[in-house]
Structures are given as structure tokens and as C-alpha cells.
Amino acid sequence: SLCDWSSAVGSSDLGPDVVACERALGLVVILAERPAAPHHLLVVPARHIVDARRLTFDDVPLIQSMVKLALEALSRRKIPMEDCRMGFFWSGPSPKHLRLHVLSPASRMSFLNKNLAFRPDSASFVTPQALLNRLCVAHAAQQRRECTSGAGGGGNNTAPFVNKNGSHTFHSGTSAATTSLPLADASSASVAAKEGAPARSSVGNPPRAQEHLPSGTS
């Protein structure tokens with residue numbers, strides 16, 4: 001199971017299915033048991049997280065590290081990145097353990113897998129950049145509420161806003177400081193963002209996921 005793979009991050013014998021391992025980050029890359037593309041990798045964290053709905057703004061570094069390790073694994077295996085698709089399931093099929101799906105080339109996926117199970121930013125599958133944007137918006141909304149209620153409308157007037165590229169801009173008077181959240185140095189085609197995300201205090205529940213998914217969603 002994926003939990004077995006995640007617990008094996010600290011093991012010296014990782015087995016033939018392990019593509020890459022970053023013990024310092026607690027991440028392992030393995031081959032999918034039921035591939036939905038000619039190349040289907042899974043980036044699995046050692047920390048047990050059920051699915052993408054449990055992620056918070058504090059998990060932004062984890063998401064970025066997972067994408068970075070995925071891209072490194074693709075590069076080492078000489079897998080083309082131009083037609084690569086990455087993403088998480090909001091509420092995925094069993095086993096219940098978060099993993100980043102890395103599929104290439106997307107153009108050679110079956111019709112159902114490409115347009116249903118692994119359709120980017122659908123009801124069930126979300127790209128890393130869209131997930132980051134959602135977390136940023138939720139975090140900014142939470143900060144804005146705290147700023148408004150904390151001083152009763154007075155005191156610190158700093159208010160955060162989120163740019164379309166997913167970065168934070170904090171305005172205080174006439175100055176502004178921006179903290180960007182880059183995904184990784186890679187082709188934008190593999191991690192293309194879709195703008196817009198609801199402003200909520202947490203990731204919350206996404207649109208209702210598909211009840212039945214085709215094979216290849218392991």
C-alpha cells in the first residue's frame with residue numbers, strides 16, 4: 001500500500017519500484033501499479049495525509065517539494081515534460097493517502113482517463129498550481145478577517161490581497177511587499193494554473209467528485 005511505501009522512506013532497501021527518494025523531505029517516488037499513461041509516477045509523502053482536502057497553507061512547502069521531486073524524476077528518466085500532467089485527487093480512490101500523480105505523455109492517455117479521471121482542475125482532480133492558489137486565497141481571507149476583528153477596525157490597517165499569479169501582496173499605507181509562491185523551475189505547460197479560487201479559511205470541500213473513476217487511479 002502507499003502507507004507502506006511512505007514508511008519505507010527511511011529504509012535502506014526501497015525495492016525496484018522506487019524511482020527516487022528524498023529522505024530529508026520525507027518523500028518517495030514510485031511507479032503506479034495501474035498506470036493511466038505510458039509513464040505514471042506517484043510522489044508519496046511519509047507523513048500520512050488522507051487527501052488534498054486536508055492540506056492547509058502550512059503545507060505549501062510540501063506541495064512545492066513534491067512537484068520539484070517529480071520534475072527531477074522525469075528528468076532523470078528522460079521523460080518529456082512538455083506533455084506532462086500533474087495533480088492530486090480531492091477525495092481520491094483507495095488507498096486513502098495523499099499522492100501527486102505525474103503522467104506523461106498526456107496525449108497518449110485513454111479518453112476516459114484524460115477527460116474524466118485526470119481532467120485538470122475538475123471536480124475530482126486538481127493541479128498543483130490551482131491547489132496553491134486556493135490555499136493562498138483561503139489564507140489571505142483568514143488574515144483579512146483577523147485584521148478586521150483583532151483591532152475592532154483600528155490599529156493595524158495592513159490587509160493582504162492575492163494576485164492572479166498566486167502571490168501575496170500586503171498593503172500598508174503606500175508600501176507593498178510581495179511574497180511569491182513558485183511551484184518549481186519547469187515548463188509552464190506541465191503546471192499550468194487556472195485562475196480563480198473561492199476565498200475560504202481552509203481548502204474546504206471542492207465540487208462533488210466523480211463517484212466512479214476509470215482504472216489507473218491508483
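**Fold and local features of a predicted chain**

Me: How many helices and strands does the protein chain have?
Reply: Helices are DSSP runs of H or I with at least four residues, strands are E runs with at least two, and both are numbered from the N terminus. From that end the elements run α-β-β-β-α-β-β-α-β-α-β-β-β. The secondary structure comes to four helices and nine strands.

Me: What is the mean pLDDT of the protein chain?
Reply: This is a predicted model: local features need pLDDT of at least 70, side-chain atom pairs count only at pLDDT 80 or more, and totals for chains, interfaces and linings use all residues. Residues are numbered from 1 along each chain as its sequence is written, and side-chain values use heavy atoms, with hydrogens and water left out. pLDDT is the predictor's confidence in each residue, from 0 to 100. In the protein chain 60% of residues reach 70 or more, and the mean is 74.

Me: What percentage of the 218 residues counts as buried?
Reply: The cut-offs use relative accessible area: buried is under 20%, exposed is over 50%, partly exposed is in between (1.4 Å probe, protein chains only). By that rule, the buried part of the 218 residues is 45%.

Me: Which residue in the turn of the strand 1 and strand 2 hairpin has a positive phi?
Reply: Strands 1 and 2 run antiparallel and are joined by four bridges. Four residues separate the strands of the hairpin, and the turn residue with a positive phi, about 70°, is Gly26.

Me: Which residue in strand 5 is the bridge partner of Arg85?
Reply: Strand 4 (residues 85-89) runs antiparallel to strand 5 (residues 100-104), with three bridges between them. In strand 5, Arg85 has as its partner Leu103.

Me: What length does helix 2 reach from its first C-alpha to its last?
Reply: The expected span of a helix is 1.5 Å times one less than its number of residues. Helix 2 (residues 60-76) has 17 residues, so 24 Å is expected. The model comes close to that, at 25 Å.

Me: Is Lys78 buried or exposed?
Reply: Lys78 sits in the loop between helix 2 and strand 4. Phi there is near 55°, a positive value in a residue other than glycine. With a relative accessible area of 73%, Lys78 is exposed.

Me: How far apart in space are Ser104 and Ile79, C-alpha to C-alpha?
Reply: Ser104 belongs to strand 5. Ser104 is buried, because its relative accessible area is 0%. Beyond four places in sequence, Ser104 touches residues including Ala37, His39, Ile79 and Cys84. Ser104 and Ile79 are 25 residues apart in sequence, but their C-alpha separation is 7.3 Å.

Me: What is omega for the bond between Ser104 and Pro105?
Reply: Pro105 lies in the loop between strand 5 and helix 3 (111-117). Its peptide bond with Ser104 is cis, with omega of about -10°.

Me: What is the relative accessibility of Asp121?
Reply: Asp121 is in the loop between helix 3 and strand 6. Its phi is positive, about 55°, although the residue is not a glycine. Asp121 counts as partly exposed, with a relative accessibility of 21%.

Note on methods
Pairing = 2+ DSSP bridges. Contact = heavy atoms within 4.5 Å.
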